[in-house]
Amino acid sequence: MALDAYASSNPNQVHTDVLLKSRDACYKARDAFYACMEKESGKKPTEIASVGLLYPKECSLSRTEFVNSCRSSWVKHFDREYCRNKRVQRLLDDGDERKGPISLPQPYTFKPSPPA
């Protein structure tokens, strides 16, 4: 049965990392890390996180707290979500030439020269 593969070897064991208090701690650590990333966005990212996410060294402490507070699968999920949202935002804000209606060049009309 497929359900047996997901069942714990000890059915009475409670996974404390998915309880409300632990999830709240995870979300707060996540929000603190991404707020640091936004605040330090002008600095060169030098550290590498999961899924290729780059972040500045100033956010290392909040990254460590984020990784320690959340399940690794959640960290990867949140990193992917952040990267996807930033990519979409970058496409939407990528200057005037890529937004709005397409402006096609106007056809050139020849004006006849007046007869001499």
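Trainee: Which residues of helix α3 are buried?

Mentor: In this predicted model, helix α3 covers residues 60-69. On the other side of α3, Leu 61 and Asn 68 are exposed. Seen down the axis of α3, the buried residues fall within an arc of 105°, so they line one face of the helix. Those buried residues are Ser 62, Arg 63 and Phe 66.

Trainee: What covers the buried residues of α3?

Mentor: The buried residues in question are Ser 62, Arg 63 and Phe 66. Contact is counted where heavy atoms lie within 4.5 Å. On that basis the cover includes α2 (20-39), β2 (54-55) and α4 (72-92).

Trainee: Where is Ser 69, and with which residues is Ser 69 in contact, leaving aside its neighbours within four places in sequence?

Mentor: Ser 69 is placed in helix α3 and is partly exposed, with a relative accessible area of 28%. Once neighbours within four places in sequence are set aside, the contacts of Ser 69 are Ser 22, Ala 25, Cys 26 and Ala 29.

Trainee: Which residues of α2 are buried, and which are exposed on the other side?

Mentor: The buried residues of α2 are Cys 26, Ala 29, Arg 30, Phe 33, Tyr 34, Cys 36 and Met 37. Seen down the axis of α2, they fall within an arc of 150°, so they line one face of the helix. The cover over these buried residues includes β2, α3 and α4. Exposed on the other side of α2 are Leu 20, Lys 21, Lys 28 and Lys 39.

Trainee: What distance does α2 reach from its first C-alpha to its last?

Mentor: Helix α2 has 20 residues. At 1.5 Å a residue, a span of 28 Å is expected. The distance in the model is close to that expectation, at 28 Å.

Trainee: How far apart are the end C-alpha atoms of α4?

Mentor: Helix α4 has 21 residues, which at 1.5 Å a residue should span 30 Å. The separation of its end C-alpha atoms agrees with this, at 30 Å.

Trainee: Which residues of α4 are buried, and what covers them?

Mentor: Val 75, Phe 78, Asp 79 and Tyr 82 are the buried residues of α4. Seen down the axis of α4, these residues fall within an arc of 100°, so they line one face of the helix. Their cover includes α2 and α3.

Trainee: How much space lies in the largest pocket, and which residues lie nearest its centre?

Mentor: The space in the largest pocket is about 320 Å³. Its lining consists of 15 residues. Those nearest the centre are Met 37, Leu 53, Leu 54, Tyr 82 and Lys 86.

Trainee: Which element gives the largest share of the lining of the largest pocket?

Mentor: By class, the lining has eight nonpolar, one polar and six charged residues. The elements that give two or more residues to the lining are α2, β2 and α4. The largest share, five residues, comes from α4.

Trainee: Is Pro 56 buried or exposed?

Mentor: Pro 56 is placed in the loop between β2 and α3. Leaving aside neighbours within four places in sequence, Pro 56 is in contact with Glu 40, Lys 43, Lys 44, Pro 45, Thr 46 and Glu 47. Because its relative accessibility is 5%, Pro 56 counts as buried.

Trainee: Where does Val 51 lie, and what is its phi?

Mentor: Val 51 lies in the loop between β1 (47-48) and β2. It is partly exposed, with a relative accessible area of 39%. Its phi is positive, in a residue other than glycine, and is near 50°.

Trainee: What pattern does the protein follow along the sequence?

Mentor: The secondary structure comes to four helices and two strands. Buried residues make up 19% of the 116 residues. Read along the sequence, the pattern is α-α-β-β-α-α.

Key: Residues are numbered from 1 along each chain as its sequence is written. This is a predicted model: local features need pLDDT of at least 70, side-chain atom pairs count only at pLDDT 80 or more; totals for chains, interfaces and linings use all residues. Side-chain values use heavy atoms; hydrogens and water are left out. Buried means under 20% relative accessible area, exposed over 50%, partly exposed in between (1.4 Å probe, protein chains only). The arc is that of the directions from the helix axis to the C-beta atoms. On a 1 Å grid over the protein atoms alone, a cavity is a set of points where a 1.4 Å probe fits but cannot get out, and a pocket is an open set with protein on both sides within 12 Å along at least five of seven lines; lining residues have an atom within 4 Å of a point. Grid points are joined across faces, edges and corners, and a volume is the space filled by probe spheres set on the points. Ala, Val, Leu, Ile, Met, Phe, Trp, Tyr, Cys and Pro count as nonpolar, Asp, Glu, Lys and Arg as charged, and the others, Gly among them, as polar. The expected span of a helix is 1.5 Å times one less than its number of residues.
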